[in-house]
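User: I am new to this structure and would like a short walk through it. Could we begin with the overall layout?

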Amino acid sequence: MIEIIISFLKYLKIFQKFTKRGIYLSFFLTTIAGLTEGLGIILLLPIVQSISGNVENNETLISKFIFLFLENFNINNSYGVILFLITLAFIIKAFLIFLTYSYNSYLKGKIIKDLKKKIFSSFSKISYQYYLQNNIGDLTNIINEQVNLSVRGFNSLYTVGLRAINCIIYLIFACLLAGKTGLLAIFGSFIILFLFRWLNTATKIMSINTSKANSRLANLTIESLQAFKYLKATDQFSIKVDEAEKTIKELSDYQTKTSILEGFTNACREPIAVVVVMSILFVQLYFINKPIDSLLISLILFYRGLISTLGVQGSWQKTQEYLGSFEIVLNNLKSLANNYESNGKQIINNFKYIEFSNVFYKYTNKDSYSLENLSLKIPAKKSIAFVGSSGAGKSTIANLICLLLKPYKGDINIDKINLQNIDKNSWRRQIGYVSQEMAIFDNTIGYNISLNKNYKNDKKLFFKIKENAKKANIHDFIETLPDGYETKVGESGLRLSGGQKQRIFIARELFRDPKILILDEATSSLDTLSEKAIKKSIDLLNGKITIILIAHRISTIKDSDFIYVIEKGNILEKGKYSTLKSKKDSFFNHLISSQKL
Ligand SMILES: Nc1ncnc2c1ncn2[C@@H]1O[C@H](COP(=O)(O)OP(=O)(O)OP(=O)(O)O)[C@@H](O)[C@H]1O
Ligand SMILES: [Mg+2]
């Protein structure tokens, strides 16, 4: 019992962060509703007494109060008025309950809104490094599924409070009417809560297992749908279906077990209450010999009180089912907050160079360094190229330039300002980054280039979109589509070819008017003609902005101001194209000759 109260107060305090004091207003309204109903039931007493003829037997405090009240208003003999008052009490109660429920719906909406907003904005604040350690399915499951379950947890927790208030009110009224025998009922209530304790633990364990299984299912769904084409084309879907079926079976087993436990509590409610009430009646009739009229009324109250006690148990059990989810949400919010990206204050405007000094970088789940003792300088407004084998560390360098990753050892400075002191947002706003991972959104082509939904109504904006689509050599293709720039591309650009997606991505990054343009294998899916057209547009930017080119194809980087050949996380060779080419046995020459084949 004490455990329940402590736990109840703990969770109430946490939810209070979202509902503020609103939850107490709900409880206050519930108390008034309970008192009104209790008074309504007690008003039956004068009627029952006058029927049984025991009018003088008003020895308990509450019956004295009722009779005094009725006499005061001179209605002690008017059954009509008393019956009207009873009806009124129940109508007022119903109205208050309606008010409480409506208010509670508002509170629930507020919790959902605040939690989802907080989680979404927390996602955006975590570091890229922490993002890499996480599972997208887990994060999606939290915002979509677990938050909704948490709100149900709040609802259940509130119901526990509501039923506890009712239970206390009924039992107090009943005790006031029945005297000492009432203690028996209170004792009965404690026994009930004690006996049903194990159900709470079992339900909570089930709830945590359900949440974990839900996360696994979300993961499986996301990865299977993302790899749909591959799984279908190679007839490997059945592997994922088997995995999913196992998880779904687990989920349904947990669901069944939880429902059986709930059913058990519900079924026990009535017989247990009847046993306790009958015991009270037995003691009252055989040992105390009290008049039956006030006893009858108190029995109604006892019965309701005991049903409420079991209701407290039932709701608490249900709360356990959902609190697993709420804890997952809270723990996630905590770990997201612990992994927010740190930010400096120095705003970078017109930078002169980016400098890497003895940079080591190791991904969290890796033993070896992906970059090792790397030092280089990228001057502004120059075009710098990185070539090298797959896995050499080129994209890792690009990520470090965007300050997405922090060096394990060594330093990155922009104009002598250390990366720790740089306002990362101000730096990133200047970057256009066509990364190897495609970033296409489920919206129109126009939106995908401008990330602005209102581009159609803004002539200047639309013109700029078209200009950049032309530079990315995709405008002509867009014009052939029946809906033009209004064409929806589907999730992850499903309805576009690989090269079309790349060109839309390039158009977006050009649209941003970047001061640094990073092109990481940006034209790898394009034919030579298309690549040449884009190269022409990029060449026009030479000397105006900093261009960082990463490519396997040497022809792509031929005209760069400076070339770094990266191997195993370090610089193997560097220099201008002509210099590198002139060294006969260089790795660079080896790359060129291998591509001529
Ligand atoms: N998220 C990650 N977690 C763990 N290791 C990673 C991660 N990303 C890259 N690596 C490792 O870091 C090394 C460098 O990877 P990087 O992506 O920088 O190579 P790259 O030169 O861009 O290769 P590619 O030409 O194939 O794109 C590789 O050994 C790779 O396995
Ligand atoms: Mg790469």
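Analyst: The domain assignment of the protein chain, which is automatic or taken from a database, gives domain 1 (2-338) and domain 2 (382-388 + 430-596). This is a predicted model, in which local features need pLDDT of at least 70, side-chain atom pairs count only at pLDDT 80 or more, and totals for chains, interfaces and linings use all residues. Residues are numbered from 1 along each chain as its sequence is written, while chains are lettered from A and ligands numbered from 1 in the order in which they are written.

User: What separates the centres of domain 1 and domain 2?

Analyst: The two centres, taken over C-alpha atoms, are 58 Å apart.

User: How many helices and strands are there?

Analyst: The protein chain has 22 helices and 10 strands. These are DSSP runs numbered from the N terminus: H or I of at least four residues for helices, E of at least two for strands.

User: Why is the chain called more spread out than a compact globule?

Analyst: Its radius of gyration is 36 Å, well over the 25 Å that the globule rule gives for 597 residues. The radius is taken over C-alpha atoms, and the rule is 2.2 Å times the number of residues to the power 0.38.

User: What does the C-alpha trace span?

Analyst: Along its principal axes, the trace of the protein chain spans about 120 × 50 × 50 Å.

User: And what share of the residues is buried?

Analyst: Buried residues account for 36% of the 597; a residue is buried if 20 or more other C-beta atoms, placed from the backbone, lie within 10 Å of its own.

Conventions:
Buried ≥ 20, exposed ≤ 12 C-beta atoms within 10 Å, placed from the backbone.
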